[in-house]
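Subject: Handover of a structure and notes on its strands and helices

Dear colleague,

Please find below the structure that I am handing over to you. My notes on it follow, and I would be grateful if you read them with the structure open.

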Amino acid sequence: MPITYLDKTKTFKLDTPNTTYMFRIVDDEGFILHLYYGRRLTDENIDDLARIEEPPFVPSKNNRDRGSFMDCAPFEYPGHGLGDYRDDAFSVINEEGYSATSINYKSYKILPGKPKLPGLPATFANTNKNIEQSSDKQNSICNTLEITAEDSANGLEIILSYSVFEDVDAIARSVRVRNTGKYQNIKLTKVLSASYEFYGDDYDTIFMHGTWARERNIDREHLGYGKHYVSSTRGESSHQEHPFIALLSSDANEDYGDVYGFSFVYSGNFIAQAERSQFDNVRVTMGISPVDFCWNLKAGEEFCTPEVISVYSDAGLGKMSRNFHDLYRNHLIRSPYKDMKRPILINNWEATYFNFDTEKLISIAQKASQLGIELLVMDDGWFGHRDNDSSSLGDWYVNENKLKGGLKYLVDEVNKLGMKFGIWMEPEMISPDSDLYRAHPDWAIQIPGRTPVMSREQYVLDLTRQDVRDYTFSQMEKILKSANIEYLKWDMNRQLTDLGSALLGAESMGELYHRYCLGVYELQERLITEFPNLLLENCSGGGARFDPGMLYYSPQIWTSDDMDPVERLKIHEGTALVYPLSTMGAHVCDCPNHSTGRTTPFETRGYVALSGTFGYELDVTRIPEADRNMIPSQIKMYHRYNDLVRSGDYYRVASYRENHEWDCWEVVSKDKSEALVTVINVIGRVNYKSRLVKLKGLDPDKIYSLKVFNMETAAEDEEFLRLRGDALMYAGINVKGIYHGDFKGRLIHLNEVTVQ
Ligand code: GLA
């Protein structure tokens, strides 16, 4: 039983396969105090860790120092304004103007499965099934504990929800707040999704930061006193900061040490914070950013937060990542494409930018289809009168000057070549120069009397409005039904400013950010319901909305607008810290690379793209012939290894981000019978020996045969080594022959050999 209640000590024990999470209820007032999170325990008698038998003691024993108790007790979900000066998780403004909250235990229940979070993306209980646990209790591999607490002075019920997975070391937490009617309206000014308590003076944190074309850089720091946080107030999870935080022992590394990872299943504003306070209590909080957030909760209504996933690993960052990968692959992504090899696509953005027509696209498709590419994606510039990025967003009708004969003609021609067809749209946006804006200027998010801030010469559509969402959906539907379109790239190229909605009204303007995000989710849900076989790829100016929320709707997300393979080594490392390789949009680019100006071997560009979804973004009719001739080999490589890359366990062996010389990652099949090792030597080496690479994740007792994939023959060379797993991991192998010149790569395939 993964959720246990021990009546004697009023303790709750939540067990995943290898971890335990515990808290208990103390004192007459029902304080909910954290006890433990870490390796799985068989003994549950650790209630002493709540520290209520030492000064300042609980209020029933020492009410004169209640404030001191409040300021150091390890609260499961800390309220506001009543003596706990660390950061809180929950504050309000009631009708009398008071902001204080307290969270006092009332009751609990244990539910089989995992209830849906209304209107929000969330993990689900059953693996590989897009169904609710409640309708399939027998396959339950997740149960949910709901703690109902109350804040009687405000007439609020606060429901803390913990869903505990039985097949992966993860716990999902979210919160619901219900107005039971003491006040007609309560303004929620902060409702975080979860708070976690730790104790100690020797933790590090990992946050991820970035910018356009440089997303998800790993930033590790020792946790000093005070509050340390990342957040977004941009209306999306953002390039700049990421809805993730890891708290780790300062000696932890890729394979060793305690690591706690927290990931927020949401695509809008967030805060992720670690705070070390006076007694070395460490509090980690995560949820919707309280900045510009104010939600009216009327009597009888309930507000539900998005969820936070926590993962504990006793064996470093690698194990944390593999837990997130398994959870997101099996319990979050719903798309039927999740377990399928994705069609190899060619996207025309960096091939043509806005300068294309039917003839050009068909010429790309003709050449691409001959080489084995399976899907043509027509990117930005096919609609309205869009010849650059300054117009037409919102005018989702075909520009027949470019696409002579219309969209259906083009799609049919591409289909005749044996290729699928995909399209780009940016449904959340409106250009000032568009028929839509001329007809409905009030559909843009803006503040009357202020000229809205322009970004990429566009505004954001007010998706808090049902009429705007309905119109947007109808336009998308029309396009998607007008031809055989099998893939959609959903882009979002600017962040929110000028928070004003023509319909929300003064009272509710603080709901705009969250309602916007709910609006995006509603649209994507409608889309995948109406078009269940559409392959959806989310995108936001590259990877500004690469978050778990989006993965609920699309199995893949465009990782970054920078396709330079050297830059991608860092971006992929940061992204794969949390997200499975199967979700990372990755293309072979043209050279010199449009972002960095760097020229890298075509072969290496392919190796790096292989660690994601794999595709091309170049003018295949114009690239050097030698590169073009390599495409069929790369396609064979993809078909040979993608099943493994998509479904295997990811191990990071060397980090170019850290060592500035070389990178190495490995994917091992779940049964450990097969592995693929990718080595990229970024900087050429002079007068060094071959590099010693110690492999990871293999079965020490299995014997493996090692072969190199040869791009010239498009096949594996003869076996160059046969060794047992223990030797491969503990002694290592010498990787030879890729050190003369820069940016060289090597793929090594391992297969178990059965000895008779
Ligand atoms: C964004 C995307 C690119 C491309 C352009 C088109 O930047 O990330 O891949 O689609 O928009 O304008």
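Three bridges connect strand E21 (residues 345-347) with E22, and the two strands run parallel. Within this pair, Leu 345 has Leu 375 of E22 as its bridge partner. Please keep in mind throughout that this is a predicted model.

The sheet with parallel pairing

E21 and E22 belong to an open sheet of nine strands with parallel pairing, in the order E29-E28-E27-E26-E23-E22-E21-E31-E30. Its edge strands are E29 (584-585) and E30 (587-589), each of which pairs on one side only. Helix H7 (residues 466-481) packs on this sheet and touches E23 and E26. The direction of H7 makes about 160 degrees with that of E23. Helix H11 (residues 602-609) also packs on the sheet, where it touches E30 and strand E31 (615-617). For H11, the angle with the direction of E30 is about 160 degrees.

Strand E23 and its neighbours

Which strands pair with E23? Strand E22 (residues 375-378) pairs with E23 in the parallel sense over four bridges, and Leu 376 stands opposite Phe 421 of E23. Strand E26 (residues 487-490) pairs with E23 in the parallel sense, again over four bridges. In that pairing, Met 425 has Trp 490 of E26 as its bridge partner. Five of the six residues of E23 (residues 420-425) are buried, so the strand is largely enclosed by the rest of the structure.

In H5, the residues Gly 406, Leu 407, Leu 410, Val 411, Glu 413 and Val 414 are buried. In an α-helix there are 3.6 residues a turn, so residues three or four places apart point the same way. The cover over the buried residues of H5 includes helix H4 (358-371), E22, E23 and H7. Just after H5, Gly 418 takes a positive phi of about 85 degrees.

Helix H10

Helix H10 (residues 565-576) consists of 12 residues. From its first C-alpha to its last it reaches 15 Å, close to the 16 Å expected at 1.5 Å a residue. Is H10 mostly covered or mostly open to the outside? H10 is mostly covered, with 11 of its 12 residues buried. Among them are Pro 565, Val 566, Leu 569, Ile 571 and Ala 576, together with Glu 567, Arg 568, His 572 and Glu 573. At the N-terminal end, Asp 564 caps H10: one of its side-chain oxygens lies 2.7 Å from the backbone nitrogen of Val 566.

The sheet with antiparallel pairing

Elsewhere there is an open sheet of four strands with antiparallel pairing, in the order E1-E2-E3-E4. Strands E1 (3-6) and E4 (31-39) stand at the edges with a single partner strand each, so one side of each has no neighbour in the sheet. The twist averages 15 degrees from one strand to the next. E1 pairs with strand E2 (residues 11-15) in the antiparallel sense over four bridges, and Leu 6 has Thr 11 of E2 as its bridge partner.

Strand E15 (residues 259-265) is mostly covered, with seven of its seven residues buried. Both faces are covered: Val 259, Gly 261, Ser 263 and Val 265 lie on one side, and Tyr 260, Phe 262 and Phe 264 on the other. Strand E14 (residues 244-249) is joined to E15 by five bridges and runs antiparallel to it; here Leu 247 stands opposite Tyr 260. E15 also pairs with strand E20 (residues 307-313) in the antiparallel sense, over seven bridges, and Gly 261 stands opposite Val 311 of E20.

Asp 204 is found in strand E11 (residues 203-211). How is Asp 204 placed, buried or exposed? Asp 204 is buried, because its relative accessible area is 8% and the cut-off for burial is under 20%. Its side chain makes a polar contact of 3.1 Å with that of His 222. Residues that Asp 204 touches include Arg 220, Leu 223, Ala 246 and Leu 247.

Yours sincerely

Methods:
Residues numbered from 1 in each chain as written. Predicted model: local features only at pLDDT ≥ 70, side-chain atom pairs only at ≥ 80, totals over all residues. Heavy atoms only, no water. Expected span 1.5 Å × (residues − 1). Buried < 20%, exposed > 50% of the residue type's maximum accessible area, 1.4 Å probe, protein only. Polar contact = N/O pair within 3.5 Å; in protein donor to acceptor, adjacent residues only side chain to side chain. Pairing = 2+ DSSP bridges. Contact = heavy atoms within 4.5 Å. Axes fitted to C-alpha atoms, helices over the stretch in contact; angles between N-to-C directions.
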